[in-house]
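These are my notebook entries on a structure that I am reading for the first time.

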Amino acid sequence: LANEKLFLNDSIFFNDGNVMNRENLTLTLPGCKQICGHQTWYWDLGPRISTWLVPILLLVSNVDLSPLDKRRFMAIVHLVGDPIDSFWSLIHKLDAWEQCYKLAGRWENKSERRRRIIANVFAAFEEIESPEIFSEDYWNTLAERSGLTHEETFVEWTRTAIELADSRSDEFLRTWLAIILYVWQVVASFVPEIGGGNTSPPGGRIGTAMFISWLVPAVLLSNALGSFTSRRSCYNIIHRFAERTKNIGPPLRRRSSQFRGKVIPGSATDMFEALAWTGGIYTFRPWKFQYITCERNVKKTLCIGTLAIVPVCIAMIGGFVIIWYTLPNGFNCRHFWLIAIFTAWYFSAFVTWYSNASRFVTGKYHWRFVLVKDALIAIPSVIVIFLSSAGLFNSCFCWSGYFQYGAAGARILLNSAPFYNYNDRTLYPGVVGACLLAQICYFMFVAIRWRNGLKLIR
């Protein structure tokens, strides 16, 4: 324009009847492709990743992992590939401990200390035998054989409860530090006095960060539960308890697996090797419809299943709204991958549940099937999230508002700074704050609802 090689009335400029000047230059879609090409990667990729994605990786690194050697990292694949099932499993574990606390009240309802001692020992048996427990008769037999009602034997219950508490990891304070650092990084991106400003106006990358904000309650819940320091710790403690109380104790049974309704010869797995799919990983509990006091409870299952969906929905809403209010200010290309991954997570949870049946696979075969399925969802999802932040959708078509304006009305505003600066001061902080607050409130609700379960083995 300055060299008079272009004029405001040229066909490459979009003219909707309003007065156009150099502050609101708007290109047509063909004009944008003619001048800018089709797609380019962002020049400030490094700052984009360090501002939004690195804090997310910090959260992932703080997920509490069970001590199952190198296989424990498979829990991360399951978490990213199937967050709904992971939340469902975590709450199911919490509910099992809550039931242990309630069961302990049958033998002691006056002294809170004694009740927690009984509940701790019950929780340890649940840790080892959970898939095999679906009746209150199990606990009645355990109490009777272990001399729970005899004062001289209760000393062993107390000693065992202390040993169990001492063998648990507790990284909850470290997790809160990671959460605070994550929130601080988010605040710094909006407040130049703290973060020094952004290399380019934030928009889509904020939506991406909010889309995976469900990691906040996932990390908090996993660390609130904690884990044993060794995969053999719990069994060894309970085995000594059984010897001292002259009880039989949980056997070192080998876990069988089925493939299409048949037990494959030689498929039985050592108990410690089978911990990954029999309760050692708290984010994977295939028997979620079964409880330690009954085989089925439809009302409770619906409640826990609904709660498992909530953090993913909060993240989806936050990400969807942020991306909606980026240029072209409406439905755009980024929404497609958002919807695709969100739908894949729902599908993943359904497949995890439906595939755990004797007509298909159980045990280690189901665990392997789920891991392959999760990898097929998690890896492409992470790649798309990264590429989106790197500029995958930085094209004339995606900036043109094609889906709301149509081919004839598609246009690209060249000076986007005023739009983003305004939203950066008003809309974006409000949506981000509401999303993160909702995720933390979700964790607080679960922690309060199952507070008695969270007190155990501490």
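**Entry 1**

I looked up Arg240 and found it partly exposed, with a relative accessible area of 35%. The model is a predicted one, in which local features need pLDDT of at least 70 and side-chain atom pairs count only at pLDDT 80 or more, while totals for chains, interfaces and linings use all residues. Residues are numbered from 1 along each chain as its sequence is written, and side-chain values use heavy atoms, with hydrogens and water left out.

Which residue does the side chain of Arg240 meet in a salt bridge? I find Glu163, at 2.9 Å from N to O. This pair joins distant parts of the chain, 77 residues apart: Arg240 belongs to helix α12 (residues 233–244) and Glu163 to helix α7 (residues 151–166). I count a salt bridge where a side-chain nitrogen of Lys or Arg is within 4 Å of a carboxyl oxygen of Asp or Glu. Side chains of opposite charge can pair when their charged atoms come close. Both residues also belong to a network of salt bridges that links Glu156, Arg159, Glu163, Arg240 and Arg244.

**Entry 1. Other salt bridges**

In one of them, Asp95 pairs with Lys300, and the closest N and O atoms are 3.3 Å apart. Here too distant parts of the chain are linked: Asp95 is in helix α4 and Lys300 in helix α14 (residues 298–324), 205 residues apart. Are these two residues buried or exposed? I note that both Asp95 and Lys300 are buried.

I then looked up Asp374, which forms a salt bridge with Lys373, with 2.7 Å between the closest N and O atoms. Asp374 counts as buried at 0% relative accessibility, and Lys373 counts as buried at 9%.

**Entry 2. Thr153 in helix α7**

Thr153 is found in helix α7. Its relative accessible area is 15%, so Thr153 is buried. Not counting residues up to four places away in sequence, Thr153 touches Ser146, Gly147 and Thr245. Contact here means heavy atoms within 4.5 Å.

**Entry 3. The whole chain**

I record 21 helices and four strands in the protein chain. Of the 458 residues in the chain, 54% are buried. Among contacts with a separation of 6 or more, 77% are between residues 24 or more positions apart.

**Entry 4. Nonpolar cores**

Which residues touch the most other members of the largest nonpolar core? I find Trp139, Trp157, Phe211 and Trp214, in a core of 113 residues. Helix α4 (residues 83–104) supplies the largest share of this core, 12 residues. A second, separate core has nine residues, including Leu25, Leu27, Leu29 and Cys396. Such a core is a set of buried Ala, Val, Leu, Ile, Met, Phe, Trp, Tyr and Cys residues joined through side-chain atoms within 4.5 Å.

I also listed the contacts of Trp139, leaving aside its neighbours within four places in sequence: Cys100, Leu103, Trp107, Phe122, Phe125, Glu126, Ile133 and Ile292.

Helix α11 (residues 215–225) is mostly covered, and 11 of its 11 residues are buried. Among them are Leu215, Pro217, Ser222 and Asn223. Just after α11, Gly226 takes a positive phi of about 75 degrees.

Helix α3 (residues 74–81) is also mostly covered, with six of its eight residues buried. I list these as Ala75, Ile76, His78, Leu79, Val80 and Gly81.

**Entry 5. The loop between α14 and α15**

Where does Pro328 lie? I place Pro328 in the loop between α14 and α15 (333–355). The peptide bond from Leu327 to Pro328 is cis, with omega near 15 degrees. Asn329 is found in the loop between α14 and α15 as well. Although Asn329 is not a glycine, it has a positive phi of about 65 degrees. At 37% relative accessibility, Asn329 counts as partly exposed.

Note on methods
Buried < 20%, exposed > 50% of the residue type's maximum accessible area, 1.4 Å probe, protein only. Helix = DSSP H or I, 4+ residues; strand = E, 2+ residues; numbered from the N terminus.
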